[in-house]
Amino acid sequence: MKQTLLDNRDSNAPRLASNQNIFLLKCLVGLPRGSLLFLFLFSTSLGFAQHSQDFAGNWFWQSPDGQNSMELELEYESQGSIKGNHCVIFSQGENTDCKRKNGNAFTLNLVKIAEGVYDGTIESAVSFTSGKIRLQYIDSEKAIRFYLKEVPPGEFYMPKEAFLVR
């Protein structure tokens, strides 16, 4: 007696199961439970590793004309929050908005709102006022999207949107 499997293209058209598929199924069924658990955990951890993101470290952006640049230095404060500093240079260095050199104050404070998405504030080193930002990890680009949701009051130098890479 031959085994048949339904083809996804036409549910009314049966097709024969290949000998390879039957052999693979028999091998898996014959494995001890510990081996099956190991294979399951190993395959799921590989999938997770491919989609994980790490915000910690230095991220860079430069405008297409080379006139403006931005650097973010990020570190995890806890599992759900990030702190860091920024340095933005506009007009080839004529205008800068960079972290202060004194103390342990951070200019970026972010909280995780979804997988790969953090919302928070950025403090301008020019006006010492805060604006609202979002950082989103773009897995396909291995980049972070910086988005200025609400501009800080007063003078500041920051792009409205930038894609930063390591």
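Modeller: Let's start with a term: buried means under 20% relative accessible area. This is a predicted model, and 28% of its 166 residues count as buried.

Biologist: Okay, then why is Ser91 called partly exposed?

Modeller: Ser91 has a relative accessible area of 29%. Buried needs under 20% and exposed needs over 50%, so Ser91, at 29%, is partly exposed.

Biologist: What makes the phi of Ser91 worth a mention?

Modeller: Most residues other than glycine have a negative phi. Ser91 is not a glycine, yet its phi is near 55 degrees, a positive value.

Biologist: Which loop holds Phe128, and what is its phi?

Modeller: Phe128 lies in the loop between strand 8 (117-123) and strand 9 (130-138). Its phi is positive too, about 60 degrees, although Phe128 is not a glycine.

Biologist: Stepping back, how many helices and strands does the protein have?

Modeller: Two helices and eleven strands. In sequence order the pattern reads β-β-α-α-β-β-β-β-β-β-β-β-β.

Biologist: And what share of the contacts between residues at least 6 apart in sequence joins residues at least 24 apart?

Modeller: That share is 37%. A pair counts as a contact when heavy atoms come within 4.5 Å.

Biologist: Last one: how much of the accessible surface belongs to carbon and sulfur atoms?

Modeller: They account for 55% of a surface of about 11000 Å².

Key:
Residues are numbered from 1 along each chain as its sequence is written. This is a predicted model: local features need pLDDT of at least 70, side-chain atom pairs count only at pLDDT 80 or more; totals for chains, interfaces and linings use all residues. Side-chain values use heavy atoms; hydrogens and water are left out. Helices (H or I, at least four residues) and strands (E, at least two) are DSSP runs, numbered from the N terminus. Buried means under 20% relative accessible area, exposed over 50%, partly exposed in between (1.4 Å probe, protein chains only). Accessible areas come from the Shrake-Rupley method with a 1.4 Å probe; for residues, only the protein chains shown count as cover.
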